[in-house]
Amino acid sequence: MPGVDPRLHRSLEVRDHTGELRRWHLLDSGPLLAEQGIRPRGTLLAVHGNPTSSFLFRSLVRADIPWRLIAVDQLEMGWSERTGVTRRYQDRVTDLSLLTDALSLRGPVVTVGHDWGGLISSGWALDNRHDLAGMILTNTGVHQRLEEALPKALQLATAPGFRTASTSVTDAFLRTTLALSRPPLPAEVQDAYLAPYRSRARRRGIDQFVADIPAHADHPSRATLERVAEGITELHVPTLFAWGPRDITFSDRFLRDLIERVPHADVHRFESASHLVWEDADVAGLVADWLETTFGTAEEPRDHAPDRRPVSAFAEQAPERPIGARITELAEDPHHAHRSAVVELGGEDGEGREISWSLLSRRIDDIAAGLLAHGVRPGDRVSLLITPGADLTGVLYACFRIGAVAVVADAGLGVQGLTRAVIGSHPDWFIGIKRALVGARALGWPGRRLSVEQLPTVDRAALGVETSIAELARSGSLMRDLGAPLDAPWPAPDADAAILFTSGSTGPAKGAVLTHRQLGAMFDAVGDTLQLAPERGLVAGFATFALLGPALGAPTVVPDMDITRPGELTAPALAAAIAALGRPAVFTAPAALRNIIDTADQLDDAGRAAMARAASFFSAGAPIPAHLLRELRALMPQARTLTPYGMTECLAVAAIDLEGIEEAGEGSGVCVGRPVPRVEIAIAVMDPQGRTTGEITRDADVTGEILVRAPHVRDRYLMLWGTTRTSMRFEGWHATGDVGHLDPAGRLWVEGRAAHVLATADGLLTPVRVEEAAESVPTVRRAGAAVVGPRGTQQVVVILETEDGYRPGKPGRPRPADPSLQEAVRRAVRERCGTEVVAVFTTRSLPTDIRHNSKIDRAALSRWSEQTLRGERADAL
């Protein structure tokens, strides 16, 4: 059994529920802890499912888990006895209790269950609650509603004539389960799982488990399932759910059921993991952190719940008022009531439309009243996939008004990213345009469905649509006209307001949860930074920013563009949007800047005049070189060119204008300016391996992870307990994952992602420094820094886009750069960074995130470089 210390194995005979002595096999780390002089904090009682064994939990024996592990092989399974007895669910719960009695197991006990082991460990927890300290459940289901069909995989497994053939006559069921892991399990690990089940007689327990699935009301184990499913709602102990959402059996519907039953549970979804989440992800590392956070160490036990205050609680607070209150104020102000709040360009008939503040305010209240009457309640999650404009604005602010939690995952995430975000947010409702509803139906997105526009009856039936926002607004308006005012209270400041998804540039997009207090502070921070007001509208060249304008009292327009490809915004489209508002502030994604400049020759006289009237230009999401801002100045001579630094978790952290960039001069990284009001910035010092040390400084010229404190920092990440804890590991600070330094003038310089820091033999090197050096070479359009080799001795590789070889959105396999270009890049990096480059390649297009089209996926570059320099055939970038 690879990875298992032989001293962990233990066998003992215990009477089972029939009264007969039965031999159990288990892994017991107690003797090892005793040898090391460690007094365990408690016991982890780990119960495997079908068709695995105690081997599944081998990773829980580690130095940072000072808990005794008892991982059992259930009777008829693993290396425990084959007794010939048919065991039902309740029998297995009873047998486990008899075993722990024989072991004289006393609290504190934290149960750990996976698959069937989750049901059995939950049953043990109910029957032994006097010793129970906590529960950990992974990819399991404690309840199956009678009206719901079994997952298709279990329908096949339980089919007459197929069950026994696949579970015991052959080992197909076992091998199929092992094949679910990604990447594939090493051969020796697969052999360890297969070893206890080499013969048909030894696989009979696998068959029994499948036969015992209580899918029907008259099944012998149904009563126990109902008892346990109801009983765990009364177990108010610390609980952790760790989940692999790619599970074909225990999908997110089972996780949603568990969260409803145990709402206080901490939850972490490992997006790329499948059913065998213990093999696919570092669940043991998550468990180690959770145990320490929740219970403390053996030497310093924790008797009280840890301080889990959000970072925003440590910051200077912004003035508070309900989100959307500004819309009501402007609607009641005679000077602004009939002025434009939302401007839509084009439309199906080629005509745009303008929505006044008065009409927008009434529309929001009408939709809010209709949503309440239809059954949407405060706290319900509402996933929105609506084209930016009046419809999205009305629905979004109606959700804010009644306390429903808006789930905002824009189409810029791509189909896969969007599907992960929507399913992973567990929405109660889904509101979308017809195209989104078709996708929701086809991809199995959860939530009761509402359409934006009124659909024909046949379409409503086909898409599972209950009603439309248009109908709800009409019914809400009628109720209000009949004297039933919208008397719902404004949500509490600390109630969840929205779930905003990150770009997914460093892995699967994360849902950042913000409360009404935090979201309101975020709107204020952006408004203060950009000086937005009713007199100065907002051109939102990045669609998500269109949601900010109404809360800030700024008329808003989205240019005519593909919102999934913000980098393709053209100068004529931007000019038309500017012309609709007069002298607005303009926001675009960083990637759009180059395209706007390149398409400026398509502007006519009216377009050039409109561009010249822009009062300010700003762009955020990635650093912007000063030379691009200078080129933009020729198009927008009156505009203050501002480039804020921020992130989904905390929009507006720092800001700088072109004059500030020029004043800062050249340095390591990109200067993003000083903190905006109510924001504090510090640096977490790094060691030579690129790991943060725990020391926090505000000294100049110390490179490390950037820390932020502000009233608008997100509350937490949705169902990512481990990620939230990592980002909050410095009390009172949000660790951004970016790396940089402060200069003597207090300006922040960003040097890349902390995860991408290059730990070379010459010391730490940030990727932006290497990329800036390479980009100083003529003909280089953009550079990406990669590394190969172990940390501490990593070697640098540079992959380039060149001016003549660039093909946007066209992935390909990089090839060695021409010798003269290689030498020029090596020399530039050597002179500026003091390190050698071992290889230089060119490619048609560097891999970037979908949303911004600008954040380079350096991890992908490093994987490609490792494979290529080992002589392996690497995939296209």
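Which residue is the bridge partner of Ala684 in β26? The partner is Ile696.

## The model

This is a predicted model, where local features need pLDDT of at least 70, side-chain atom pairs count only at pLDDT 80 or more, and totals for chains, interfaces and linings use all residues. Residues are numbered from 1 along each chain as its sequence is written, and side-chain values use heavy atoms, without hydrogens and water.

Helices (H or I, at least four residues) and strands (E, at least two) are DSSP runs, numbered from the N terminus. Two strands pair if DSSP finds at least two bridges between them.

## Around strand β25

Strand β25 covers residues 680-686.

β25 runs antiparallel to β26 (residues 692-697), joined by 3 bridges. Their hairpin has 5 residues between the strands. There, Gly690 takes a positive phi near 85 degrees. β25 also pairs with β27 (residues 704-709), antiparallel, over 6 bridges. Ala682 stands opposite Leu707 of β27.

## An open sheet of 4 strands

The strand order is β33-β34-β36-β35, and the pairing is mixed. β33 (780-788) and β35 (815-816) stand at the edges. Each has a single partner strand, so one side of each lacks a neighbour in the sheet.

β35 pairs with β36 (residues 837-842) in the antiparallel sense over 2 bridges. Pro816 has Phe841 of β36 as its bridge partner. Helix α28 (residues 767-775) packs on the sheet. The helix touches β33 and β34 (795-802), with contact meaning heavy atoms within 4.5 Å.

Terms used: Axes fitted to C-alpha atoms, helices over the stretch in contact; angles between N-to-C directions. Buried < 20%, exposed > 50% of the residue type's maximum accessible area, 1.4 Å probe, protein only.
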